[in-house]
Amino acid sequence: MTAGPVIRLHPDDNVVIARSALAVGTSIPGENVVTAEPVPAGHKLAVRAISPGDAVTRYGQIIGFATQAVQPGRHVHTHNMGMGDFQRDYAFSQAVKPTAFAEPQATFMGIKRPDGRVATRNYIGILTTVNCSATAAKYVADAFRANPFTGSNPLADFPNVDGVVALTHKLGCGLNTQGEGIDVLRRTIAGYARHPNFHSVIVIGLGCEGNQIDALLKAEGLERGPHLHTLTIQDTGGTAKTVQAAMAKVQELLPEANKATREPVPASFLTIGLQCGGSDGYSGISANPALGVASDLIVRHGGTVILSETPETYGAEHLLTRRAVTPAVGQKLVDLMGWWRDYTERNGGEMDNNPSPGNKAGGLTTILEKSLGASAKAGSTNLVEVYRYAEAATARGFVFMDSPGYDPVSATGQVAGGANVVCFTTGRGSVFGCRPSPSLKLATNSELYARMTEDMDINCGTVVEGSENLEALGRRIFQLILDTASGKPSKSEALGFGEEEFAPWHIGAVM
């Protein structure tokens, strides 16, 4: 890409993207077009005449259909373009190719667990079965939290422990005690209880909730032991006694947790959750495809990357089914799209409800356009498996996990599935953390990075400006992932994010 006033993403596209705000009368080199109206930065400019009902194309793909005649030089957005259905060619497995694995394999400084798994962080977790035990869990974690104003640090004698964190939620009762809703909640809690970034966890329940501790353990094959402890407020004698008992247990666990040390381990132990939030017109140009380069490097070095946000893949799934290692894997993704179409219709919505006001202000118009940019995070390697929400992602390579597009819910499922680092691209300025796994923020444009430097880990606006190519930026992101997995704090960790963002997916009626 050159540093002209617009960015052309595919030779066949009938729109280009404004690199910066375009004034009326701006001549567009190479397109034989002069702007007839202002075009905001990151938005689309028509470079060919588009008739009503004609497809609008970006990335060489359909992103919507003209709702009125659009002349060259005109701004293309919600006022003259909308959704429309079209036939997808899934071409199952036709683009599968051998993965060129890297030699030698990259390494990072990880924490080896006794069972052979590797952690990127070393926390003690306080988990809850139900919202009724959330306050008690927070009291326990707060007792071990450093106070920057007083200088007190209860963990000063345990430098190898990253913290004691309480992950609470609003669920656990008022739902069917059998079926998909409680299965998803239990699978999510169990995924965190097993996560290698937790040295140990304490699960606190109320006692009478629908999501009973014993039923949770039985359903998920968990057993109480040195790294899994449970308490119920009603059996322990109330909130104060439960908090005191949990605090005593944490004190007992800390010396053993502090024995954790870092050592070189292969990058094959990395599982990366791929997220995007607050997307803009640059997301599919800079941060997402650059993260896709880094994703390919993770896979080439034996690791796993998890793409999720199923509604934000709608309209791009036909590109992923081509990369599915078998038609059966590809069909799993197609079936998910059918489930989501039905789910949104039953709830009075539609798939195109997804782009937020911020997305649209940033230049995105339809879910098709958003999805095509979002799927670039997954790079170019084979799709090896499709998982349910919060299911353990055990396959190596590029995998897909079903989830809503809502970032906290989606990332919670990825971490439950084993993600030990999350990479989160943003164009509008999302702030997010997801303990016990570090979350890296990738800014799509330099203006955002300069304005929110304390929240952003890396600037991808260099690609938009033409000063760096995607390959070089992708390699920088890959190195940042290795450094972060080795213990370097992410910006969200430094700001204390990651507990309140725990948000299991709620499915089903509240009763």
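**Note on helix packing and the parallel sheet**

1. Helix α10, residues 367–374, is mostly covered, with eight of its eight residues buried. The model is predicted. The buried residues of α10 include the charged pair Glu369 and Lys370. Ile367, Leu368, Ser371, Leu372, Gly373 and Ala374 are buried in α10 as well.

2. The sheet is open and has seven strands, with parallel pairing. Its order reads β19-β20-β18-β17-β21-β22-β23. The edge strands are β19 (383–387) and β23 (458–459). Each of these two pairs on one side only.

3. Look next at the pairing of β17 with β21. Strand β17 covers residues 271–276 and strand β21 covers residues 421–426. The two pair in the parallel sense over five bridges. Gln275 stands opposite Phe424 in β21.

4. Helix α8 (residues 327–346) lies across β19 and β20 (397–401). The helix runs at about 40 degrees to β19. β19 is also an edge strand of the sheet.

5. Helices α2 (residues 180–194) and α11 (residues 407–416) pack with their axes 8 Å apart, at an angle of about 55 degrees. That angle makes α2 oblique to α11. The crossing of the two is left-handed.

6. Which residues of α2 and α11 meet? From α2 come Thr188, Gly191 and Tyr192; from α11 come Ala411, Thr412, Val415 and Ala416. The residues of this contact divide into four nonpolar, three polar and no charged.

Key
Residues are numbered from 1 along each chain as its sequence is written. This is a predicted model: local features need pLDDT of at least 70, side-chain atom pairs count only at pLDDT 80 or more; totals for chains, interfaces and linings use all residues. Side-chain values use heavy atoms; hydrogens and water are left out. Axes are lines fitted to C-alpha atoms, for helices over the stretch in contact, and angles run from 0 to 180 degrees between N-to-C directions. Helices (H or I, at least four residues) and strands (E, at least two) are DSSP runs, numbered from the N terminus. Angles under 35 degrees count as roughly parallel, over 145 as roughly antiparallel, 65 to 115 as roughly perpendicular and the rest as oblique. A crossing is left-handed if the near helix is turned anticlockwise from the far one by less than a right angle, and right-handed if clockwise. Contact means heavy atoms within 4.5 Å. Buried means under 20% relative accessible area, exposed over 50%, partly exposed in between (1.4 Å probe, protein chains only). Two strands pair if DSSP finds at least two bridges between them.
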